[in-house]
Amino acid sequence: NAGITQDARLVKMSAEQFDRVLDVNFGGVVNGCRSFARRLVDRGTGGHIVNVASMAAYSPSQSMNAYSTSKAAVFMFSDCLRAELAGSGIGVSTICPGVVHTNIVANTQFSGVSAGIELDKQRQFDRLYEKRHYTPDRVAECIVAAVAKNKSIVPVTPEAHVAYHARRFVPALGRWLAARKDIIG
């Protein structure tokens, strides 16, 4: 699945910017699933669909409203699709990476700042993610294992696991933390 992010609070983000994030991150997943699910069902031999959400799906943030909303939509859509396709022998896994060094950070658009500040922020966060040494190949290993075991929800990084379980057992904690500290802005 493709993924983009627009770093901005809702009050600083245009409707077009918000819609673009939803169209790419959620619309792309829906369109891909619509195409492939139909083929898998028609084929009648089962299969598996993998959708990449994010730990942002269950981790509120002040400055990643559109991104988190789009990933939460992917998360729920995947749960619904898993239920819908279960009778056809088709599994659906929702992958929820955390801090993984991909080019999404280097390409994040920051609303309300100059091009120079945007570039500085992109470089700063890209270096931070790079230092983490958590690369896409590690996510790929988790995806292969999820398909083999028909796992429904797969938090990948340690922080994704912590946030997922905290959200399940202490749901107000994430909201409380998000209201007090912005992770990017």
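**Notes on the helices and the sheet**

1. Let's start with a pair of helices: α1 and α2 cross in a right-handed way. (Helices are DSSP runs of H or I with at least four residues, strands are runs of E with at least two, and both are numbered from the N terminus; a crossing is right-handed if the near helix is turned clockwise from the far one by less than a right angle, and left-handed if anticlockwise.) The contact involves residues of α1, including F18, V21, L22 and F26, and residues of α2, among them Y67, V74, F77 and L81. Contact here means heavy atoms within 4.5 Å. Its residues divide into 16 nonpolar, 4 polar and 1 charged. (Ala, Val, Leu, Ile, Met, Phe, Trp, Tyr, Cys and Pro count as nonpolar, Asp, Glu, Lys and Arg as charged, and the others, Gly among them, as polar.)

2. A word on the source: this is a predicted model, where local features need pLDDT of at least 70 and side-chain atom pairs count only at pLDDT 80 or more, while totals for chains, interfaces and linings use all residues. Residues are numbered from 1 along each chain as its sequence is written, and side-chain values use heavy atoms, with hydrogens and water left out.

3. How do the axes of α1 and α2 cross? The axes of α1 (residues 15-43) and α2 (residues 65-85) come within 8 Å, crossing at roughly 15°. (Axes are lines fitted to C-alpha atoms, for helices over the stretch in contact, and angles run from 0 to 180 degrees between N-to-C directions.) The two helices are therefore roughly parallel, a term for angles under 35 degrees.

4. Now the sheet: an open one of 3 strands, in the order β2-β3-β5, with parallel pairing. (Two strands pair if DSSP finds at least two bridges between them.) β2 (47-52) and β5 (153-155) are the edge strands, each pairing on one side only. Between β2 and β3 (residues 90-96) there are 6 bridges; H48 has G91 of β3 as its bridge partner.

5. Both helices of point 1 return here. α1 packs on the sheet and touches β2 and β3, its direction making about 175° with that of β2. α2 touches β2, β3 and β5, and its direction makes about 160° with that of β3.

6. Compare another pair: the axes of α6 (residues 158-169) and α7 (residues 171-180) come within 4 Å and cross at roughly 115°. These helices are therefore roughly perpendicular, the term for 65 to 115 degrees. Their contact residues divide into 4 nonpolar, no polar and 3 charged.

Methods. Parallel < 35°, antiparallel > 145°, perpendicular 65-115°, else oblique.
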